[in-house]
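Here are some notes to read alongside the model, for anyone opening it for the first time. Have the viewer ready and go through them point by point.

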2 protein chains.
Amino acid sequence: MDLIKNKAVGSSGSGQKRPAHEQVYHSLRSQIMYGELVPGQPVTIQGLTDSLNAGMTPVREAIRRLISDGALVFQGNRRVSVPMLSSRDVKQMIYARISIESELSRQATANLTPADVDHLERIDQQLDQTIADGDVSGYLRLNHLFHETLYAHADAPILNDLAERLWLRFGPSLRVVCGRFGTQSLPDRHKDIIRALRDRNADLVAKATAQDIEQGMELMADSLANV
Amino acid sequence: MDLIKNKAVGSSGSGQKRPAHEQVYHSLRSQIMYGELVPGQPVTIQGLTDSLNAGMTPVREAIRRLISDGALVFQGNRRVSVPMLSSRDVKQMIYARISIESELSRQATANLTPADVDHLERIDQQLDQTIADGDVSGYLRLNHLFHETLYAHADAPILNDLAERLWLRFGPSLRVVCGRFGTQSLPDRHKDIIRALRDRNADLVAKATAQDIEQGMELMADSLANV
DNA sequence: CAGGAAAAAATTTGATCATATTGTGATGAT
DNA sequence: ATCATCACAATATGATCAAATTTTTTCCTG
């Protein structure tokens, strides 16, 4: 009779102590960030209560947070969906990402130990493997992990937060681009970044980061332009 | 018996059709943005359901959104409060605001008609009046209105969103600074901005905006440093 | 009699609330 | 000082109400 008691949200038992709305938020956030949801796809509260096996209130709160993040959009009528980017949007993102993220990597440079740089290099090697394998999901996760790990050392929570918000916004569209062109067409400047980090040349790190961003985002802009 | 039916949230009958959680959000957002809440002040759900005369669910959702905005902080235990800024935080904000908002004003320049500039000038004149009167609340509102109105013409929603989020973060602290030093000590570069707008000189507009931001924020940083 | 537009019913989804449950900090006894 | 207990606030649930979309029905026109 009491079989409604299975309130497991995160399936895999990672953090059982956190409140349900946190778990729902992070779960949905991952799905959006790594492109498991298609741009334009409607997101319903009741659909999520079913698929995530969670209550209604936690789901509502998670959705509100993600709307605030720009990861979901409220469509005037009460519907919520995954945002579709215009090329105008992407242009703004290119500017914002370069401003914020070059500064983050600049500030991180001085704080990175050689061991930290080695760690980044290992991430980049795994990243190359996902590109070779054509593993889009793995590519998206590791590419984000590379940047996230680098920026974390900048110790600049406010800039970091702005950057995260931008990643959330373009996640779904980036997935579509990768799905269309494959991972082969996504070379990056990570090797340049690592080299500059070893030299502790902050200006060069910032420049390489800017190039990495511009390269990836331009591809996305082009792809959106001729749909 | 049925006297629980007074679900009026917005008191003044402005937009009755919008859902309650939207109204609560905007109401709370204003309170934070214009410094009616002091940094460090705890924010409780039940306190808000009473003071805003709203239900519990709408208040919960509004709080989640504002946490996501950075306008409120979740303190680990279940407490929520208005953020206190460190001078490190302010430094990051100065960089981010200058990057984002100079670009917004640069892009707005070409789109502004002479009538729009006149409108901005009228706002600035009212702003001067609040400074003369020592009207802190009025100052905060009109200063925001000036920038908001200018940036709106840039037609760049994503950059705009990033800028708004930053304003929400420093609102409470700016109020404290104004309260301590009075409005006299807050001269601005709005006259320079207006002059450059009339000349349609985008670079100059961007530069004047950057100076305006730097001037105001440095004052805040100094004030936070020697508390 | 067929086709299509408008109206109305039905279904789906969102919004809100009252209430039960759980976790947190505080108080007081040992 | 440490630990158990208590009170309060936050979290979560399911029920209920309202809005919007979709489907069905109806009626008019060609």
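1. Let's start where the two protein chains meet: the contact takes 21 residues from chain B and 21 residues from chain A, where contact means C-beta atoms, placed from the backbone, within 7 Å of each other. On the side of chain B that touches chain A, helix 3, helix 4 (87-109) and helix 7 (157-181) each supply at least two residues. Helix 4 of chain B gives the most, with 8 residues. By class, that side of chain B divides into 8 nonpolar, 5 polar and 8 charged residues. Here Ala, Val, Leu, Ile, Met, Phe, Trp, Tyr, Cys and Pro count as nonpolar, Asp, Glu, Lys and Arg as charged, and the others, Gly among them, as polar.

2. A word on ground rules: this is a predicted model, local features need pLDDT of at least 70, side-chain atom pairs count only at pLDDT 80 or more, and totals for chains, interfaces and linings use all residues. Residues are numbered from 1 along each chain as its sequence is written, while chains are lettered from A and ligands numbered from 1 in the order in which they are written. Helices (H or I, at least four residues) and strands (E, at least two) are DSSP runs, numbered from the N terminus.

3. Now look at the largest nonpolar core, which has 120 residues. Such a core is a set of buried Ala, Val, Leu, Ile, Met, Phe, Trp, Tyr and Cys residues joined through C-beta atoms within 7 Å. A:Leu159 and B:Leu159 touch the most other members. Leaving aside residues up to four places away in sequence, B:Leu159 touches A:Gln92, A:Ala96, B:Ile100, B:Glu103, B:Leu104 and B:Ala154.

4. DNA strand D is surrounded by 17 residues, the closest being A:Pro19, A:Ala20, A:Gly55, A:Thr57 and B:Thr44. Helix 3 of chain A gives the most to this surface, with 3 residues.

5. One backbone detail is worth a look: A:Asn53 has a positive phi of about 55 degrees although it is not a glycine. A:Asn53 sits in the loop between helix 2 (45-51) and helix 3 (56-69) of chain A. A:Asn53 counts as partly exposed because it has 14 C-beta neighbours inside 10 Å; the cut-offs are 20 or more for buried, 12 or fewer for exposed, and partly exposed in between, with C-beta atoms placed from the backbone.

6. Finally, chain B has an open antiparallel sheet of 3 strands in the order 1-3-2, with pairing taken as at least two DSSP bridges. Its edge strands are strand 1 (42-43) and strand 2 (73-74).

How values were computed:
A residue is near a molecule or strand if its C-beta atom, placed from the backbone, lies within 6 Å of it.
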